[in-house]
Structure formats: structure tokens, C-alpha cells
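Morning, everyone. I have one structure to walk through today. Please have a look at it before I start.

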Amino acid sequence: MAKPTSTFKCTECGWQSAKWAGRCGECQQWGTVIDATADAGQRLTATTVSADRSARPITEVTEADVSHWPTGIDEFDRVLGGGIVPGAAILLSGEPGVGKSTLLLEVAARAAKAKSRVLYVSAEESVNQVKLRARRTGALSDNLFLAAETDLGVVLGQIDAVKPELLIVDSVQTVSSSLSDGIAGQPSQVREVAQTLIRVAKERGLPVLLVGHVTKDGSIAGPRLLEHLVDVVCQFEGDRHTSLRFVRALKNRFGPTDEVGCFEMTGDGIAEVPDPSTLFLSRGITVSGTCVTVSMEGKRALPVEIQALVLETSAPNPRRVTNGVDSSRVAMLLAVLDQRAGIRLHDKDIYVSTVGGVRLNEPGADLAIAIALASAALGYAVPHSFAAFGEISLAGEVRPVSAARQRTSEATRLGYRTIVDARTGSIREALDVAKKSAGTPFDRELDAVF
């Protein structure tokens, strides 16, 4: 008699194996391999649809069914596309200590003060710990209900008892379900908890805000399915050593994904920064090695100051230190300055940094970095009324960048009188304008300087 065989299947990618394994051999996820033999041969039958759940023409869907509900925090509403949509599942991820819980507690307090019942489920802190933070940030309200629970069944019971209009779960990786094997945080548990909470959100029209942990490489912990299940994925960015924070939408079914919200961590909690135009600029005297660029953060144009320092060195391998800019692009710009502008910096220590801890990943900052390096090397100071943006090619050409008109308008509004962009044509012409703005003519024979 033939011995029955079992087939094991990964619930993430569909990988199959004749033996059980704790880790999928294809997608390398832990705890996702299950026995698929029990489900073999089963067929799903059609279910009768009730009248209230029957499909209806899209023209009969009223705008009230999909309207946004403002949270009271304008910068957060900007990222969400106008506010929270009833029944939406929003995932907020970020590094430990960046301020995720503080931001969501402020959202809960604003909603509670607007006469909405809010349930804040903390699976990482006790109720007393959350109240201490709420007292410090002024987030106390009678409509804000706190619960410290790690069991999904108890969380569902709290939802039935409180009947909230907004649910916040901090965090989805620390809540576990008795219907799934393994400890909290494993892919199977995260998937079960997220699916259950999202189902409740859709059935009751209850918006749910979920806090998500991140791994060492910055991606959201748990199965990739988690990002597909939710409606909005927001990333909370910022250096824990600085007070500036950014919220970006990586996925948004109800609005754009190119908006950025600016916040500042203070002793009293988190505060909005509606006009961050002065956060990334130094207020000191005019010195050599600085240049302002206009960067695009979503649809918002922000002036950012780039600082460069060039030092003599006797070491065989000069140092190249960057902070806030891509080191490979700085190395490319040094080669372009050497070959196309005659500024030789191969035997000098180079330090390039941004002001305020902001990161510039777009090529539009190339021109400002090159001008800052040339200014530091030649010793002339670019005035505070000078701004530059543009991409620099290996041929020394200044290429146009996206949203050039918006960058120019914002720079003009902030009082920058000299704006250098792709209209200058080449890196030499841009350096010539920068040198003339400092009050001295540009020297074409730059090799003699070194």
C-alpha cells in the first residue's frame, strides 16, 4: 500500500517542498511553510451575498463614503492626501525612537478633542507609561481610551466595548493571535493580526493606524504582504540626534505619494513645521565653501545649504567624508571639476555636508555641491543671496532638473537674487557666475592656484 505523501507550501511565495522547513528556500522568510495536504482537493463554493453588501454601480457611490477626515495636524493630513478615510488601514513605520508613538498619540488627542472616541492599544508600553507621555505632550482627553493588550482576541473585545471611531495599534509586530502558531512578530502572526484588523476596519468603517517596526536595512519588518494589505504606508524619517522629522507616503490609495510632512521634536512633544525654508540654512557670516540649492521634497521646494571644506594633506590617500549627500556623486563631481574646470583636488582632503541633517538624494544638488567645492578650493565666498540647482553630466554640462520653475519661484520668494541653473550651459560658466557674484573675476588658468 502506497504511503501518503505530504506537501509543504510557503504562504508567501508559493514555494513547495516534500519536507517541512522553518525557513522558505525561495523567499527566505521564517515560519511561512505550512502543510498544504489538508487543503488539497477542497473547492470553494459560492456564498449568497446579502443586500447591503451587493455590488452597486460606481456612479451610485456618494462622496460621503470616501471623504477624508482631517486629523487636525496639517502636515500629517498633507501626506495622507487630506486626512483619514473611514475604513482605511494606515501603516506608519520608522526607526526606533524616531517619534512614531508620539505622533500617533498627538493624532489620537486631536481626534479625541474633536469629540471622537479613540482607542489607543499599546502592546509595548503600559497604560501608565502612555499617560505619562500624554501628560507631557498635553494629550489628555476623556474621549481617548487606553488599553495595554498583546492578544488579538482581547483587542477585538476592547473594540466591541469602546466602539471607537479611530483605532491605533502600537505596534502590529507585538500583537499575537491564538489562531496562528509562533510568537508575536513572526510573519504568520503579523499576517494574521493585520488581516483581522483590516477586516474589522472595512466591515465597520473604522480607520486603523498601525505602527510597524523596521529591520536593520530600513524595510518594514514582517511579510511583504503587510504592505499590500494596508491602504497607506507612511515612513517616519529623521535622525534621533536632531529634532527634524519627515513623514513620507510610500503608498497611498486615497491621495498622492509625493507629499512630505515636516515636524520637529520638542520637549513638549512633536510640533508641525509648516514653513521649513530656514531649517537647512546657516545664519553665520559669509565664508568660503558654502552654496544654497533648492531641493524638492515631494511637491515642496526647500532651500538647503551645502558646505564643503578642502584641506591640504600629506597622506597618500586623501580623505573623502560626506554627510547628507551621496559619496559616489561627490567623487564624480570631483572628477568633473578636475577634467572640465581645471580644479585639481585629487591630493586634498574633502569634506562635504548639508545643514540641518537633511539628506539630498536627487541629482539637482550637483551644481551647488560643485560650486561649494570650488569656493572652498579657491577661497572665495558665495553670498547668501546666491542659489544654484542642476544636474552635472560627465561632459561638464549643466542639465535641467524636474520642477525647475517651482524651484526658481521659491528661491525668488525667499530673496535669492542670483539663481544659477541649466541656463548657464556648462560647469565653467556656472563657476564663472559664482566667482563674479563674490566680487572677483573667474580665473580660467586655475592650475596655477595649486
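A definition to begin with: two strands pair if DSSP finds at least two bridges between them. Keep in mind that this model is predicted.

Now apply that to E15 and E16. Strand E15 covers residues 320-323, and strand E16 covers residues 348-354. The two are joined by 4 bridges and run parallel. Take Thr322 as an example: its bridge partner in E16 is Val352. How does the chain get from E15 to E16, and with which hand? It passes through helix H7, residues 327-340, and the β-α-β crossover is left-handed.

Next, helix H8. This helix spans residues 366-378, and Ser375 sits in it. Is Ser375 buried or exposed? Buried: its relative accessible area is 0%, and the cut-off for buried is under 20%. What does Ser375 touch, beyond its neighbours within four places in sequence? On one side of the numbering, Ser288, Gly289 and Thr290. On the other, Tyr380, Ala381 and Val382.

Now the whole protein. We have 450 residues, and 44% of them count as buried. The secondary structure comes to 10 helices and 20 strands. Along the principal axes, the C-alpha atoms fill a box of roughly 90 × 65 × 50 Å. Of the contacts with a separation of 6 or more, 67% link residues 24 or more positions apart.

Last, the surface and the charges. The accessible surface is about 22,400 Å², and carbon and sulfur atoms hold 51% of it. There are 49 positive and 53 negative side chains. The centres of those two sets lie 1 Å apart.

Conventions:
Residues are numbered from 1 along each chain as its sequence is written. This is a predicted model: local features need pLDDT of at least 70, side-chain atom pairs count only at pLDDT 80 or more; totals for chains, interfaces and linings use all residues. Side-chain values use heavy atoms; hydrogens and water are left out. Buried means under 20% relative accessible area, exposed over 50%, partly exposed in between (1.4 Å probe, protein chains only). Contact means heavy atoms within 4.5 Å. Accessible areas come from the Shrake-Rupley method with a 1.4 Å probe; for residues, only the protein chains shown count as cover. Lys and Arg count as positive and Asp and Glu as negative; His and the chain ends are not counted. The place of a charge is taken as NZ of Lys, CZ of Arg, CG of Asp or CD of Glu. A crossover is right-handed if, with the strands pointing away from the viewer, the path from the first strand over the helix to the second runs clockwise.
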